[in-house]
Amino acid sequence: MSRRIVLVGYGMVGARFAEEVRRRDPDGSRVRLTVFGAEQHRAYNRVLLSGVLGGGLRPEQLHLHEPDWAAEHQVTLRTGTAVTAIDRAARRVRLADGTTEPYDELVLATGSRAWVPPTDGLLAEDGALAEGVATFRDMDDCVRILRLTGAGGRVAVLGGGLLGLEAARGLVGRGARVTVLHPVEHLMERQLDSGAGGVLAAAMRGLGVDVRLGVLAKRWTPGEGLETDDGAVLPVDAVVVAAGVRANSELAAEAGIVVSGGVTVDDRMASSDDLVHAIGDCASHANTVSGLVQPGFEQARVLADLLTGADPAARYTGSPLVTRLKARDIDLTSVGDALTEESAEFEVLRLEDARRGRYAKIVLRDDRLVGAIMLGLPDAGASVVQLFDSGAPAPEDRLALLLGRARPGEPQGELGSPALLPSATVICRCNSVDKGRLVAAWRSGATDVAALSRATRAGTGCGGCRQAVSGICDWLSASAGGAA
């Protein structure tokens with residue numbers, strides 16, 4: 001008899017979990033899957049929302065599933081349907097319309113929400129966003145932002161992290177005049193050191209963004225502007241809040257499930273109630289809420305293995321973190337422990353070329369790459385990600401590694417030809433596609449880049465791997481049969 005799995009959340013991670021379940025149980029003989037999504041939209045690629053702000057993408061291009069996907073895959077899908085409570089004793093969830101749905105296993109993929117700082121005027125008396133204020137987290141936020149802003153409009157973005165900079169770059173691309181306020185002395189302080197943060201700030205200013213560091217918003221008054229803690233008043237028409245996120249873990253907490261930052265889960269993605277699981281931004285694994293999509297995808301695979309019985313030994317032990325800034329004209333990659341500095345244990349090398357918007361830093365331990373920052377050096381960024389993923393020894397020529405260049409006259413192993421890459425080398429981190437999967441798809445008839453992307457989804461996330469996918473496709477085409 002098939003088990004009833006209820007999935008709460010139809011975002012990127014929830015959609016991936018549903019796909020992984022059906023990949024293991026295509027006819028639904030083992031799992032009866034019901035999915036509830038609070039948003040009206042079909043699942044979409046939230047990573048690319050900045051492209052919608054910038055005008056390079058239309059909202060419909062972000063959808064992950066066709067309208068008939070659920071019916072074709074024996075999935076009961078209800079969008080625009082919020083789950084309001086979990087009855088653990090009865091093993092049921094309660095919906096906003098008052099009805100309930102039974103479950104044998106419950107999966108929470110409720111994601112996270114934008115955090116609004118306690119700045120006067122950002123919220124109305126009823127707790128809703130005030131006039132002229134928008135957050136930047138989902139598709140509806142994009143619609144609101146575009147309604148509030150326009151060509152020549154003046155916008156303040158609160159937050160100099162990934163989301164804030166992506167929003168700022170997108171709006172500048174639309175012709176808006178944008179000021180970024182960041183309370184720390186350099187941008188993206190969680191991923192970058194001060195040197196890289198300074199080069200990034202200069203690059204953003206070069207694109208037309210007014211970057212103000214070490215400054216807090218103090219008060220927003222529609223029609224007057226945004227007052228800052230240094231006494232200035234910015235005459236802006238709108239405020240976009242991108243100051244951080246908080247896990248949507250209230251459902252679990254109200255049901256008596258242990259929550260610490262997010263829903264506390266073990267290596268099986270199980271909460272303190274073995275029948276309730278959490279994945280993605282709402283989950284706290286090893287006291288960490290990742291906030292990135294790749295760990296959520298990996299968690300979805302592990303949980304699908306367990307709940308379908310495909311691999312009862314599957315466990316999630318963490319993800320090596322790779323962060324990419326999705327902002328047009330800026331190529332930035334940060335991996336691993338990039339903030340580590342030189343010591344007896346760590347070897348650190350860096351190169352700074354601020355005038356040309358380039359910065360490189362690598363951190364090595366026992367001749368292995370454990371962290372890196374690559375700004376304005378796309379070839380080097382691709383190389384360090386491959387080296388980081390493979391765990392292979394770093395080349396002796398450290399300068400070549402900083403610049404993304406092969407050592408003259410020497411084969412580069414993990415850093416060279418696609419023929420030398422191990423099959424397990426991850427090519428597309430957003431969708432966890434390795435070289436072996438691309439080779440298999442090519443051999444099955446996906447013999448150009450577009451077909452490989454359709455078959456594996458490589459290149460459909462942040463887009464940072466498209467050049468690598470193209471290189472593998474070219475290699476396979478030239479190798480007369482694609483033997484790896």
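1. Arg268 is partly exposed, with a relative accessible area of 29%. Here buried means under 20% relative accessible area, exposed over 50% and partly exposed in between, with a 1.4 Å probe and protein chains only. Arg268 pairs with Asp274 in a salt bridge, their closest N and O atoms lying 3.5 Å apart. Asp274 is also partly exposed, at 48% relative accessibility. A salt bridge in this note is a side-chain nitrogen of Lys or Arg within 4 Å of a carboxyl oxygen of Asp or Glu.

2. A word on the basis before going on. This is a predicted model, in which local features need pLDDT of at least 70 and side-chain atom pairs count only at pLDDT 80 or more, while totals for chains, interfaces and linings use all residues. Residues are numbered from 1 along each chain as its sequence is written, and side-chain values use heavy atoms, with hydrogens and water left out.

3. How many salt bridges does a search of the whole structure find? The search turns up 33 of them. One joins the side chains of Asp97 and Arg78, at 3.4 Å from N to O. Asp97 sits in the loop between β5 (92-95) and β6 (100-102) and Arg78 in strand β3 (residues 75-79), so this pair ties together parts that are 19 residues apart in sequence. Arg78 itself is partly exposed, with a relative accessible area of 30%. Helices (H or I, at least four residues) and strands (E, at least two) are DSSP runs, numbered from the N terminus.

4. Arg219 and Asp120 make another pair worth a look, with 3.6 Å between the closest N and O atoms of their salt bridge. Because Arg219 lies in strand β13 (residues 217-221) and Asp120 in the loop between β8 (112-114) and β9 (133-135), the pair ties together parts that are 99 residues apart in sequence. Arg219 counts as partly exposed at 32% relative accessibility, and Asp120 is partly exposed with a relative accessible area of 41%. If you like networks, look at Glu20, Arg23, Arg24 and Asp305, which are linked by salt bridges.

5. Helix α9 (residues 378-390) has 13 residues. From its first C-alpha to its last, α9 reaches 19 Å, close to the 18 Å expected at 1.5 Å a residue; the expected span is 1.5 Å times one less than the number of residues. Which residues of α9 are buried? They are Ala380, Gly381, Ser383, Val384, Val385, Gln386, Leu387 and Phe388. Their cover includes β22 (322-327), β23 (330-336), β25 (358-365), β26 (368-375) and α10 (398-403). Contact here means heavy atoms within 4.5 Å.

6. Staying with α9, Ser383 lies in this helix and is buried, with a relative accessible area of 11%. Ser383 and Leu401 are 18 residues apart in sequence, and their C-alpha atoms are 7.4 Å apart in space. Just after α9, Gly391 takes a positive phi of about 75°.

7. Now to a helix pair. The axes of α11 (residues 435-443) and α13 (residues 466-478) come within 11 Å and cross at roughly 50°. That makes α11 oblique to α13. Axes are lines fitted to C-alpha atoms, for helices over the stretch in contact, and angles run from 0 to 180 degrees between N-to-C directions. Angles under 35 degrees count as roughly parallel, over 145 as roughly antiparallel, 65 to 115 as roughly perpendicular and the rest as oblique. On the α11 side the contact is made by Lys435, Leu438, Val439 and Trp442, and on the α13 side by Val469, Ile472, Cys473, Trp475, Leu476 and Ser477.

8. Is Thr228 buried or exposed? At 2% relative accessibility, Thr228 counts as buried. Thr228 is found in strand β14 (residues 225-228). Setting aside neighbours within four places in sequence, Thr228 is in contact with Leu181, Val215, Leu216, Ala217, Lys218 and Leu234.

9. Finally, two residues to check in the backbone. Gln74 has a positive phi of about 55° although it is not a glycine. Gln74 sits in the loop between α3 (69-72) and β3 and counts as partly exposed at 41% relative accessibility. Asn287, likewise a residue other than glycine, has a positive phi near 60°. The loop between β21 (283-285) and α8 (293-308) holds Asn287, and Asn287 is exposed, with a relative accessible area of 72%.
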